[in-house]
Amino acid sequence: MPRPWKPTPPEGFAQFVAARSDALLRSAWLLTGDAGRAEDLLQTVLADLWRRWDTITTGGHPEAYARKALFTTYVSWWRRRWRMEIPSEPPDRTGNGDTAGEYADRDAVRRALARLSRQQRAIVVLRYVEDLTVQRTAEVLGCSENTVKVQAFRALRALRADPNLELFAWRS
Amino acid sequence: MAHEDEHIRLLLTGAVPPLTAPEDRVGEVGRRVGRRRRRLLGTGALALILAVGLAAGGARALTGPPVTPVEPGATADPLGWTSCDEAVPGRSQDGFAVPAREAAAFARLTADARPVAVVICEVVPQPRTGGGEELVLRERQGPDIGPLVTALRLPDEPKTGGGCRTDLVPAPWLAMLDAEGRWTRPGIPLDRCDKPRGEVGTAIAAMRLTTMSVWPIRVVESPEDTVSGCDRNWKDMFAWDATGRPAPDSGTLARPFPAGQEIRLCVFEARQDGGDLVYGRVLAEDRRAAVEQALLAAGPVAPCYEHADRIAVLRSVQNNNPTTYVELDGCYRIRVTGYGEPGFAQGDPALAGLLGRS
């Protein structure tokens, strides 16, 4: 008869969650475009981190592990749980000083990102938000550098062509 | 980071709404871990089947929805030309280079069209009065348009196959003016790789263009930045330059400063979405020696999850390799790049004290 399992977090885990979750959640939102799904993705990654905590903290870099897991989890099997890329209900409508204009702007970005494939979206966030090189992006996603270049090109082309996103600066 | 890259970053990070954390995120995660454990205990065989299914789902996840094609905008304005700033309101902040296919979608110059001048709108960096650099919207015009008109009337090259580079080659934002001052944006012919035909760029490069107006957009580099030699902002790379596996070189930083070269110190505020320069300077010889000694004496990285509020970046004034990053509070970690895999070591408040004053 197995003993009842008590969910006591490993040492340091709660501090890590408190210190790093906000930044991870922002990346998760850019990937999923929805606050609920972002939290779900983050918790999925944190649960994985919990299970491997001792091994990961031996190297001293749990955040790097969590960040990589966030993107690879999203790209590899997120679709299975969330078949709809664009939520039917407008997400994240909050009353925290979020004006109608701000909401419209971010909704335009959200919808533009939703038109990209998961891999393209992950690449855009890694390259332009996380500021990783092509090489590092390829390492995180486990694909070739050429794939990163091609998918980034296609993603930017799609974003630039988005009629609701006339926001890009084109270097002359 | 290039101007366009920075713009994309701001666009994306600015789109993230205020996000509210659950009351007990750790507890929620713990419940997930517990559920997974029970599932593993009770349904091992089913888990195996699911793993196979998920792997297949992951492969399918790599393909995405089709991309919406570009819709071209208006191609002509019967009213007279005013200026780049007024002709396309709102674009001055966003640049004027155009995706090649969008530029090609405009109507081509007809044989009976009689343009007399070209106007080119572009966003370019230029030196600031008093030092530094700024981004400006610049309007240039030129009357000797014969070669350009000839180039614009070329057809698109046939798509004959063969390799094409995936680099972005935008088309310039250009308009042709007629004798009455009316303007139109002509379509730009594409080469076999869907990039603007080279003849167009060659014709523009050969023209004598006169700068008509310049509108400042924003400062790229202030005089203070020029003096300090530091970038204006910085990105938190501590969060990325490790993969969770033990770092074999942890605590054994090799040669943080190149021998005989001056070292520049740049200190940044550290925020989740980047950070701004606080100050920068070239280290005096005695201070450089003290910092280098402290770096070489640094031990292995200790587990720590605090967020640093300030980061110091040290690199040679001659080049960027190696580059040393030091957290001035929080975990006090040190990261050195430039010798292959990044090296990590543990700093301390004493080292931060050496670096944390201008």
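Biologist: What share of the contacts in chain A with a separation of 6 or more comes from residues 24 or more positions apart?

Modeller: That share is 65%. For chain B, residues 24 or more positions apart make up 74% of the contacts with a separation of 6 or more. A contact means that the C-beta atoms of two residues, placed from the backbone, lie within 7 Å. Keep in mind that this is a predicted model: local features need pLDDT of at least 70, side-chain atom pairs count only at pLDDT 80 or more, and totals for chains, interfaces and linings use all residues. Residue numbers start from 1 along each chain as its sequence is written, while chains are lettered from A and ligands numbered from 1 in the order in which they are written.

Biologist: How many helices and strands are there in chain A?

Modeller: Eight helices and zero strands, so you read α-α-α-α-α-α-α-α along the sequence. Chain B has ten helices and 13 strands.

Biologist: What makes Leu159(A) count as buried?

Modeller: Buried takes 20 or more other C-beta atoms within 10 Å of the residue's own, 12 or fewer is exposed, and anything in between is partly exposed; the C-beta atoms are placed from the backbone. Leu159(A) has 23, so it is buried. You'll find Leu159(A) in helix α8 of chain A. Of the 172 residues of chain A, 52% count as buried, and for the 358 residues in chain B the figure is 31%.

Biologist: Why is Asp194(B) called partly exposed?

Modeller: Asp194(B) has 16 C-beta neighbours inside 10 Å, so it falls in the middle class. It belongs to the loop between β5 (182-184) and α7 (198-206) of chain B. Most residues other than glycine have a negative phi.

Biologist: Which class does Tyr332(B) get, buried or exposed?

Modeller: Tyr332(B) has 22 C-beta neighbours inside 10 Å, so it counts as buried. Tyr332(B) also has a positive phi, about 55°, without being a glycine. Look for Tyr332(B) in the loop between β11 (323-327) and β12 (333-337) of chain B.

Biologist: What makes a set of residues a nonpolar core?

Modeller: The members must be buried Ala, Val, Leu, Ile, Met, Phe, Trp, Tyr and Cys residues, joined through C-beta atoms within 7 Å. The largest such core has 54 residues, and Ala28(A), Leu70(A), Ala122(A) and Leu12(B) touch the most other members. Helix α1 (residues 13-32) of chain A gives the largest share, nine residues.

Biologist: How do you know that this core lies between domain 1 and domain 2 of chain A?

Modeller: Domain 1 (10-91) and domain 2 (98-172) both give residues to the core, so it lies between them. The bounds come from an automatic or database domain assignment.

Biologist: What makes α6(A) and α7(A) oblique to each other?

Modeller: The axes of α6 (residues 118-129) and α7 (residues 134-141) of chain A come within 10 Å and cross at roughly 135°. Those axes are lines fitted to C-alpha atoms, for helices over the stretch in contact, and angles run from 0 to 180 degrees between N-to-C directions. Under 35 degrees is roughly parallel, over 145 roughly antiparallel, 65 to 115 roughly perpendicular, and the rest oblique. The pair is therefore oblique. Among the residues that meet are Ala122(A) and Leu126(A) in α6(A), and Val140(A) and Leu141(A) in α7(A).

Biologist: Why are α6(A) and α8(A) given another label?

Modeller: The axes of α6(A) and α8(A) (residues 145-161) come within 9 Å and cross at roughly 95°. This pair is therefore roughly perpendicular. Residues meeting here include Gln119(A) and Val124(A) in α6(A), and Val148(A) and Ala155(A) in α8(A).

Terms used: Helix = DSSP H or I, 4+ residues; strand = E, 2+ residues; numbered from the N terminus.
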